[in-house]
Amino acid sequence: VAHGEIRNATDEEVMMEVARGSEEAFDELLGRYQRKVLSFFSRFLQEREAAKDLTQECFLRLLCAARRYRPSAKFSSYLFTIARRLAYDERSKAWHRREELPRDMPSRDEAPDRALEKKEAARRLEEVLASLPDQEREVFLLSESAGLRYAEIGRMTGVPEGTVASRKNRAVRLIRERWKGDWE
Amino acid sequence: MSRRGGPECEPIREKLVLLLDGELPREATGEVRAHIETCPDCGEEWEALLRLRRTAREGELDPTPEEKAAILRASSPLLRELRKGKGRGARPRAIHGALRWAPRLAAAALVLLALLWVTERRTGERELRSADVVTYQELLQKERGTSFPTGAATWERLN
């Protein structure tokens, strides 16, 4: 990838540049995935502070494994395999450290009402996600936050693609059942 | 959750999440889409799924600039190592090192071969000379019909 063209490169191409030590490429990857990884950890663990630390850990582990990365592997799948492993490790260590997610300030470029409405909906969703069974929550997050295909999730979690589809369906059904208020 | 719609809606509802995730086989997509457009209940269900996706995306946490800066700071030494080509899987550098030493190794091998050749040649000459002596002895023996005394004196004369 030529210098300055990193923004137009695919995730896999950017990752190959990272493996050569490019700071520009790493910055680009962070721009593309930091939010998704942070949200994945936050929703998986319901701990904002731990999510922050794990996001850093996840990207550092990605760098440690960078030379072993081959572009035949889809980058998002590779990254979230690391993230998922970290999430399970963390949860087994710190299940008891639950705390409420802090409410962020609304961003400057939208009306306060709409911003509050969005925050409230997001908060409700966090609550409902926290109440889901592990397997359903995991599939929902890998599909929605990470944007992975069912086949990729199946390989990652060691279950057939059909099982992933059933879990996703069930997760959505449970969310709809448990969502109180203005869903319908 | 209330589930409205006729019995024909049930199999369609099962496929809505697949459609949303782009996992529905192409041949089934048309049928489901056509049903959503004509059935208000399933259309509503579809809208609800789209709202859920939007909420999930909008509710993602924005990393703070400090969090990004912290990751960039921590990553700096690792990126430096990658630029140097150190760490696991740094095979290209190992090959490069071997290639740098190759001409020296080849030169050393050539010198060794030359030495071996010279040594071999000298040994061969010596053996040839010994063989000549034996032949000379045999000739004299045939002509004279007597045995020829061998010893240091003969060697000196021949050499």
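Predicted model: local features only at pLDDT ≥ 70, side-chain atom pairs only at ≥ 80, totals over all residues.
Student: How many helices and strands does chain A have?

Tutor: Helices (H or I, at least four residues) and strands (E, at least two) are DSSP runs, numbered from the N terminus. From that terminus, the elements of chain A run α-α-α-α-α-α-α-α. The totals for chain A are therefore eight helices and zero strands.

Student: What share of the residues of chain B count as buried?

Tutor: A residue is buried under 20% relative accessible area, exposed over 50%, and partly exposed in between (1.4 Å probe, protein chains only). In chain A, which has 184 residues, buried residues make up 50%. In chain B, which has 159 residues, the share is 27%.

Student: How much area do chain B and chain A bury between them?

Tutor: The size of an interface is often given as the accessible area lost when the parts come together. Buried area is here the accessible area (1.4 Å probe) that two parts lose on being put together, summed over both. Contact means heavy atoms within 4.5 Å, and 41 residues of chain B are in contact with 52 residues of chain A. Carbon and sulfur atoms account for 55% of the area buried between the two chains, which is about 4,300 Å².

Student: Which helix of chain B gives the most residues to the side that touches chain A?

Tutor: A salt bridge is a side-chain nitrogen of Lys or Arg within 4 Å of a carboxyl oxygen of Asp or Glu. The count between chain B and chain A is nine salt bridges, one of them joining B:K68 and A:D27 at 3.0 Å, N to O. On the side of chain B that touches chain A, the elements giving two or more residues are α1, α3 and α4 (65–84) of chain B. The most, 12 residues, come from α4(B).

Student: Is B:T55 buried or exposed?

Tutor: B:T55 lies in helix α3 of chain B. Leaving aside residues up to four places away in sequence, B:T55 touches A:R43, A:A121, A:A122, A:L125 and A:W179. The relative accessible area of B:T55 is 13%, so this residue is buried.

Student: What is the relative accessible area of A:L125?

Tutor: A:L125 belongs to helix α5 (residues 112–131) of chain A. Its contacts, not counting residues up to four places away in sequence, include A:W179, B:L52, B:T55 and B:A56. A:L125 and A:W179 are 54 residues apart along the chain, yet their C-alpha atoms are separated by 7.6 Å. A:L125 is buried, with a relative accessible area of 0%.

Student: Why does the salt bridge of A:R7 and A:E28 tie together separate parts of chain A?

Tutor: The closest N and O atoms of A:R7 and A:E28 are 3.6 Å apart. A:R7 lies in the segment before α1 (11–19) of chain A and A:E28 in helix α2 (residues 23–45) of chain A, so the pair ties together parts 21 residues apart in sequence. A:R7 is exposed, at 67% relative accessible area, whereas A:E28 is buried, at 12%.

Student: Which helices of chain A hold A:E138 and A:R84?

Tutor: The side chains of A:E138 and A:R84 meet in a salt bridge (2.4 Å, N to O). The two residues are 54 residues apart and link distant parts of the chain. Both A:E138 and A:R84 are buried. A:E138 lies in helix α6 of chain A, and A:R84 in helix α4 (residues 75–94) of chain A.

Key: Residues numbered from 1 in each chain as written. Chains lettered and ligands numbered in written order. Heavy atoms only, no water.
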